[in-house]
Amino acid sequence: MRYRLTFLAGLALGYVLGTRAGRERYEQLKKSARRVAQNPAVRNTAESAAQQSRVYAGKAFHTVSDKVGDRVPESVAQRVRSLRERNVNGSGGDDWGTSNT
């Protein structure tokens with residue numbers, strides 16, 4: 001019985017110390033991630049990648065629609081058309097709040 005109590009006491013102490021150190025490390029990682037996310041170079045790169053993905057998605061849609069033909073559901077085709085029209089008309093954002101820069 002004495003060994004069990006010693007083991008449980010050690011386990012409890014290790015848990016308390018581990019969670020305290022774990023929380024501090026978590027806060028450090030969170031602060032670093034926030035700093036990186038707010039960096040203008042990172043934000044510009046992310047927006048450029050988003051714009052490139054929009055271009056590639058448009059090309060992929062044309063390629064797929066040429067091969068698939070009329071088998072694309074009308075709801076999907078209408079959604080793509082509305083997104084294109086909105087981007088052509090100069091709207092500065094999309095459903096996710098990013099800009100088209």
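Helices (H or I, at least four residues) and strands (E, at least two) are taken here as DSSP runs, numbered from the N terminus. By that definition the chain holds three helices and zero strands, in the order α-α-α along the sequence, and Leu-11 lies in helix α1 (residues 2–37). This is a predicted model, in which local features need pLDDT of at least 70 and side-chain atom pairs count only at pLDDT 80 or more, while totals for chains, interfaces and linings use all residues. Residues are numbered from 1 along each chain as its sequence is written, and side-chain values use heavy atoms, with hydrogens and water left out.

**Confidence**
- The mean pLDDT (the predictor's confidence in each residue, from 0 to 100) of the chain is 79, and 81% of its residues reach 70 or more.
- Confidence is highest in helix α2 (residues 40–68), at a mean of 86, and lowest in helix α3 (residues 74–88), at 79.

**Burial**
- Of the 101 residues in the chain, 3% are buried, where buried means under 20% relative accessible area, exposed over 50%, and partly exposed in between (1.4 Å probe, protein chains only).

**Salt bridges**
- The count comes to two salt bridges, each defined as a side-chain nitrogen of Lys or Arg within 4 Å of a carboxyl oxygen of Asp or Glu.
- Lys-30 pairs with Glu-27, the closest N and O atoms being 3.9 Å apart, and both residues lie in helix α1, three residues apart, about one turn of the helix.
- Glu-74 forms a salt bridge with Arg-81, with the closest N and O atoms 3.3 Å apart; Glu-74 is exposed, at a relative accessible area of 52%, whereas Arg-81 is partly exposed, at 36%.
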